[in-house]
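Hi there,

Here is the structure I promised to pass on to you. My notes on what turned up in it follow below.

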Amino acid sequence: MVDPNVPNTQVKVISILSDLVDRELVATIGWAKQIPGFTDLTLNDQMRLLQTTWAEILSLSLAYRSRQHSGSATRLVFASDYIMDEHQASECHAEDFFSHCVQLVQRLDVVGIAREEYLALKALLLTNADIQLEDSATVRNLRNTILVGLQECVSVLRSTGSLQHMGQLLLCLPLLRQLDIRVRQFWNNVRREGKVAMNKLFVEMLESNSSLR
């Protein structure tokens, strides 16, 4: 909950966002462990996949939530009681991230993504990392299994045009990779400025990127 009596200064806004991201990171780690086959990977590979894909996963979740709850592609729903518009994004120098995320919201809206498709696509993101792994074959098998699951999901939900719809879903991946770059740039800048305290897990996720990609 945001205290309405405290002015929305740049530092306050970024502090709120930092706290929300940290909470989502914790939730994402718990979610990943529920994906069948993920905990069968080596512990190092689990960690590397999460370190590499967390920004894409959080961006997809943000875009899907914004499409579901905001009713407008010009606002981002970070939480039920914290919704950001373009003006607020500009005030905390997040315009680049905001515009790319709005673009993703619009893309998901045009595609008409279903909840089941969103969840499968989110799981696919977790395994779609171009990095060195201890057991790349097992990760590749898991990714293929999730991909087949997404295809089957689309086939069940879409009586016609399932192949084209599947293609439209996968075309969201390049935009998510672009968002990954912008998310990391924004938070690395915040960290360098040192005006906002960032929790240990969040900092570790940011620091891990340079050694993985």
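**Helix H2 and its partners**

Helix H2 and helix H5 (residues 115-127) pack with their axes 8 Å apart, at an angle of about 160°. That makes H2 roughly antiparallel to H5. For angles, under 35 degrees counts as roughly parallel, over 145 as roughly antiparallel, 65 to 115 as roughly perpendicular, and the rest as oblique. Axes here are lines fitted to C-alpha atoms, for helices over the stretch in contact, and angles run from 0 to 180 degrees between N-to-C directions. Helices (H or I, at least four residues) and strands (E, at least two) are DSSP runs, numbered from the N terminus.

Before going on, please keep in mind that this is a predicted model: local features need pLDDT of at least 70, side-chain atom pairs count only at pLDDT 80 or more, and totals for chains, interfaces and linings use all residues. Residues are numbered from 1 along each chain as its sequence is written, and side-chain values use heavy atoms, with hydrogens and water left out.

Back to the pair: H2 passes H5 in a right-handed crossing (left-handed if the near helix is turned anticlockwise from the far one by less than a right angle, right-handed if clockwise). On the H2 side, the residues in contact (heavy atoms within 4.5 Å) include Leu49, Leu50, Ile57 and Tyr64; among those they meet in H5 are Tyr118, Leu121, Leu125 and Leu126. By class, this contact of H2 with H5 has nine nonpolar, three polar and three charged residues. Ala, Val, Leu, Ile, Met, Phe, Trp, Tyr, Cys and Pro count as nonpolar, Asp, Glu, Lys and Arg as charged, and the others, Gly among them, as polar.

H2 (residues 43-69) also packs with helix H4 (residues 95-111): their axes come within 9 Å and cross at roughly 60°. That makes H2 oblique to H4, and the crossing is right-handed. Among the H2 residues that meet H4 are Leu62, Ala63 and Arg67, and the H4 side includes Phe97, Leu104 and Asp109. The contact of H2 with H4 divides into nine nonpolar, two polar and two charged residues.

**Helices H7 and H8**

The axes of helix H7 (residues 162-170) and helix H8 (residues 172-193) are 4 Å apart, at an angle of about 10°. H7 and H8 are therefore roughly parallel to each other. Gln168, Leu169 and Leu170 of H7 make the contact with Cys172, Leu173 and Pro174 of H8.

**Two residues to look at**

His93 is found in the loop between helix H3 (86-91) and H4. Its phi is near 60°, a positive value in a residue other than glycine. Buried means under 20% relative accessible area, exposed over 50%, and partly exposed in between (1.4 Å probe, protein chains only).

**The chain as a whole**

The chain has nine helices and two strands, running α-α-β-β-α-α-α-α-α-α-α from the N terminus on. Its C-alpha trace spans about 50 × 40 × 25 Å along the principal axes. Buried residues make up 47% of the 213 residues.
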